[in-house]
2 protein chains.
Amino acid sequence: MECKVAHHDQDHVFERIFHPRSVAVIGVSSQAAGFGSGIVDALRAIGFQGALYGVNPKGGTYRDMKLFTSLADIPDPIDFAVIAVPAGFVPETLEECRRRGIAGAEILSAGFSETGTPEGSALEEEVRRISARGIRVVGPNCFGIYCPQSGLTLLPGPDLSRESGHVGFLSQSGGMSIDFGHIGKWMGVRFSKVVSFGNGVDLRETELLEYLGRDPETRVIAMYVEGVEDGRGFFRVLRDVAARKPVIINKGGLSEAGSRAVASHTASMGGSRVIWESALRQAGAIQVGDLWELAQTCLAFSLLPWQVYRGISVAGGGGALGVSAGDLAERYGLSLPVFDDQMSDRILEVLPRPGSSARNPVDAANPFVGPDAYRHVFTHAGSDARVDAQVLIQLLHHYKSAALSLGVDSVHSITPYEQQAQALADARQATGKPAILVMPDFKQGKESLDIEELIRDARQAFLGKGIPVFSDLGDAMQALSHVSAYAAHQHASREA
Amino acid sequence: MECKVAHHDQDHVFERIFHPRSVAVIGVSSQAAGFGSGIVDALRAIGFQGALYGVNPKGGTYRDMKLFTSLADIPDPIDFAVIAVPAGFVPETLEECRRRGIAGAEILSAGFSETGTPEGSALEEEVRRISARGIRVVGPNCFGIYCPQSGLTLLPGPDLSRESGHVGFLSQSGGMSIDFGHIGKWMGVRFSKVVSFGNGVDLRETELLEYLGRDPETRVIAMYVEGVEDGRGFFRVLRDVAARKPVIINKGGLSEAGSRAVASHTASMGGSRVIWESALRQAGAIQVGDLWELAQTCLAFSLLPWQVYRGISVAGGGGALGVSAGDLAERYGLSLPVFDDQMSDRILEVLPRPGSSARNPVDAANPFVGPDAYRHVFTHAGSDARVDAQVLIQLLHHYKSAALSLGVDSVHSITPYEQQAQALADARQATGKPAILVMPDFKQGKESLDIEELIRDARQAFLGKGIPVFSDLGDAMQALSHVSAYAAHQHASREA
């Protein structure tokens with residue numbers, strides 16, 4: 001609270017960085033090659049609406065864009081710069097930006113401390129000194145900022161989603177930032193802001209976390225951290241932010257070999273596994289093991305109520321899935337409450353006999369059980385007070401076999417995924433219990449691309465009803481367990 | 001050894017079951033619906049070459065197949081029967097088969113002890129008594145036998161691979177058997193025999209394991225076990241077989257809820273997690289947690305040398321992958337030996353600078369590094385005595401971005417996956433160190449189906465060179481660690 005004024009000033013600067021009215025890209029070659037022209041293409045493709053200027057000392061044009069020979073020649077005010085010149089030219093370029101009154105710059109160029117050379121470190125030190133005199137810097141050796149609302153995007157990111165959301169992601173690694181951007185697009189995770197900060201000469205984990213903590217657009221924070229600059233400061237801010245918003249952290253480089261890779265990757269210090277894990281736990285952060293778990297956890301936080309989950313119901317066709325449901329639930333601290341005879345009989349009313357069972361998991365005996373039956377199953381199962389969430393498992397590839405048997409050309413036409421999504425939404429509405437879809441993909445041969453297309457369409461249909469979709473039952477339960485642990489932690493903190 | 005003669009007699013029976021010259025399907029309705037007509041379609045689709053007869057008490061025809069009104073009317077000898085009549089008619093049908101001198105029958109019908117009813121259990125008991133009088137039975141409540149060499153296939157399995165291989169799979173669950181069949185087809189796992197034995201009234205885990213143990217077609221055995229009938233006998237056979245062949249086991253129903261699902265699924269007894277895990281370990285079996293891990297482990301055993309793996313080299317474009325490589329290796333008991341300056345410099349000769357690093361993991365800085373460079377990288381890295389296997393990580397979706405930038409229509413035409421596969425095979429040849437490909441799929445939106453197709457084609461190109469392909473680096477290391485643990489166990493047993 002004592003920093004309110006300072007934050008207010010800073011937020012004005014951050015506003016110019018994340019929502020710039022004008023952007024200068026410095027280092028655009030006149031050929032479609034290199035970081036500069038790449039980011040110009042990407043900004044145009046994603047639909048950046050502000051003024052966009054390109055700079056190249058030799059002038060010329062890139063596509064239809066006139067290139068200015070220097071920053072000084074650009075007549076209009078500039079909020080944000082993208083620097084894509086060779087490392088040796090970065091300091092003077094940044095200094096020009098600073099003099100020009102630009103609020104911040106992302107430096108995409110590599111060739112700094114991550115090279116492990118004295119020259120690289122000296123250049124980075126120079127960049128740091130210039131930044132300290134009055135211009136905020138993201139990078140160097142990074143992919144920059146993605147902010148769909150303002151139309152900023154990462155270096156290789158012309159095809160990220162244009163839709164805004166509420167997940168903020170901070171990543172030392174450019175690769176992780178773009179990979180999560182891509183995964184989020186189809187998985188249903190939408191971002192407020194993504195920052196790939198690379199070597200993090202100025203803006204990095206702590207200050208950016210603090211900013212996302214007060215950013216009203218950001219409700220969920222995800223981070224890929226290789227090392228932190230100031231451990232004490234970071235954990236103080238983390239504790240503070242995690243008390244208000246979920247902060248999901250993937251810490252890379254916890255092994256000996258991982259630490260070594262960190263050193264050459266983004267030139268920051270790693271740290272021992274035990275220390276990190278206990279410090280993150282104490283700070284109330286949610287720890288995940290890899291990018292997929294990070295993405296799926298963000299999906300769960302995006303679409304499911306933040307509450308404690310204990311019991312779940314699971315239904316689907318194919319008994320082994322039911323058996324593994326119990327095993328997996330136990331692994332993730334969840335349970336499948338056993339339905340009593342009355343409930344079981346009521347559920348069985350709509351399922352094929354013999355072959356179905358309905359003690360929880362509900363084994364529907366065949367994969368073609370339809371929307372009306374599942375509406376019935378989940379409306380009843382969800383009325384059990386011990387059930388906190390409900391999971392449907394669908395194996396869509398069976399519909400292709402059915403289409404072949406029936407002589408139907410399009411597997412889409414006989415697969416009722418829209419209606420299944422509606423049935424789940426109806427049951428959720430009737431019971432107040434959130435619904436989850438699990439859609440394993442067992443057929444990934446080239447001849448099954450139509451099934452893949454079906455799965456992708458079905459995923460969007462369920463997402464359209466606010467139902468998160470996972471490829472694997474274990475993944476779904478793991479993500480649910482993270483939401484649950486967060487809610488339990490918040491509850492305990494409030495009680496204390 | 002004392003059972004040689006008994007085995008020989010049994011093997012004659014097994015030969016008639018797994019390689020029947022003639023099959024009768026009993027319970028074929030004249031419409032294309034039901035298990036009977038389904039299995040007829042499946043057997044024809046997969047190319048069963050023997051004589052195929054259909055039986056229906058009402059006679060008639062199914063497609064172009066004349067249906068016999070009874071088994072007795074079929075003039076020729078019959079080796080194997082598929083029973084797909086309602087549960088109540090199964091005993092008399094099986095008895096007819098026995099009288100007819102049929103060696104074995106798979107009973108696809110459900111409605112036996114898995115229903116939990118006295119009627120179901122009584123029917124099953126009757127089936128058991130008939131079987132004991134001289135006909136081997138697979139099932140009931142199962143999907144039957146898949147044997148590509150003879151053209152037998154599972155109930156819903158017209159599209160399983162026709163290629164034979166050396167993995168035998170035994171599964172109490174029909175769902176698991178067909179799912180693994182589908183996964184194996186594109187993943188590159190080829191089967192000798194798959195048996196879904198359901199309630200296992202006669203042939204089940206122990207005897208089938210013993211049979212696969214002496215089956216020369218089967219080099220690797222995989223099992224999905226929910227419960228065993230005779231624990232002592234099973235573990236005695238398991239220990240014996242596992243001393244000669246890898247036996248990979250996924251035990252379902254280890255949790256309380258899982259055990260309950262087992263009871264209604266295949267009517268067998270589960271057992272506590274601790275007892276199972278320690279017994280399986282002592283017997284020398286390889287334990288896996290789910291179907292995916294089972295399949296990937298079979299892939300590794302199918303394509304990689306069975307040896308102890310300690311150090312691995314990892315190369316790819318995108319630094320964060322390198323960081324996680326070290327973390328993951330540690331998790332799976334592997335390591336990434338640090339390359340010395342000389343090696344690192346030699347590797348860097350062919351990689352983009354700045355941005356690349358080559359201490360292991362080898363971070364190639366961009367995803368378009370080509371086959372010649374990787375041939376160089378792996379030929380050198382593989383010459384390090386501490387490296388036992390080499391992993392390439394490829395992110396093919398970047399080629400689509402490149403195709404778009406270049407204005408090229410087909411992403412296939414600019415993606416050198418054939419050459420990358422050849423480069424890895426060359427390096428394997430030059431160094432004697434096995435190669436592995438990891439190909440994550442970060443773009444699963446509908447607009448990226450062309451990338452999906454590319455990934456599927458690339459997978460087959462690498463498989464064609466005998467290089468196993470995984471979607472996830474952690475999965476690859478986990479599978480490798482299972483092979484390594486098996487080899488270490490075999491080595492220790494020989495020493496003892």
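Chain A of this predicted model has a secondary structure of 18 helices and 19 strands. Its radius of gyration is 25 Å, close to the 23 Å that the globule rule gives for 496 residues, so chain A is as compact as a globular protein of that length. Among contacts in chain A with a separation of 6 or more, 74% are between residues 24 or more positions apart.

**A sheet in chain A**

Let us look at one sheet in detail. Seven strands of chain A form an open sheet with mixed pairing, in the order 3-4-2-1-5-6-7. Its edges are strand 3 (61-62) and strand 7 (136-138) of chain A, each of which pairs on one side only. Further in, strand 1 (residues 22-26) and strand 2 (residues 51-55) of chain A run parallel and are joined by five bridges. Within that pairing, A:I26 stands opposite A:V55 of strand 2 of chain A.

A helix covers part of this arrangement. Helix 2 (residues 35-46) of chain A lies across strand 1, strand 2, strand 3, strand 4 (65-68) and strand 5 (80-83) of chain A. Relative to strand 1 of chain A, helix 2 runs at about 155°.

**A residue in chain B**

Over in chain B, B:V138 sits in strand 7 (residues 136-138). Is B:V138 buried or exposed? B:V138 counts as buried, because it has 27 C-beta neighbours inside 10 Å, where 20 or more are needed. Leaving aside neighbours within four places in sequence, B:V138 is in contact with B:G104, B:E106, B:G144, B:I145, B:V195, B:F197 and B:L203. As for B:L303, it lies 165 residues from B:V138 in sequence and 30 Å away in space, C-alpha to C-alpha.

**A helix in chain B**

Helix 13 (residues 371-381) of chain B has these buried residues: B:Y374, B:R375, B:V377, B:F378, B:T379, B:H380 and B:A381. They pack against both strands and helices of chain B, as listed here.

| Partner of helix 13 in chain B | Residues |
|---|---|
| Strand 14 | 312-316 |
| Helix 12 | 341-348 |
| Strand 16 | 362-363 |
| Strand 17 | 389-393 |
| Helix 16 | 417-431 |
| Strand 18 | 435-438 |

Note on methods: Residues are numbered from 1 along each chain as its sequence is written. Chains are lettered from A and ligands numbered from 1 in the order in which they are written. This is a predicted model: local features need pLDDT of at least 70, side-chain atom pairs count only at pLDDT 80 or more; totals for chains, interfaces and linings use all residues. Helices (H or I, at least four residues) and strands (E, at least two) are DSSP runs, numbered from the N terminus. A residue is buried if 20 or more other C-beta atoms lie within 10 Å of its own, exposed if 12 or fewer, and partly exposed in between; C-beta atoms are placed from the backbone. Two residues are in contact if their C-beta atoms, placed from the backbone, lie within 7 Å. The radius of gyration is taken over C-alpha atoms; the globule rule is 2.2 Å times the number of residues to the power 0.38. Two strands pair if DSSP finds at least two bridges between them. Axes are lines fitted to C-alpha atoms, for helices over the stretch in contact, and angles run from 0 to 180 degrees between N-to-C directions.
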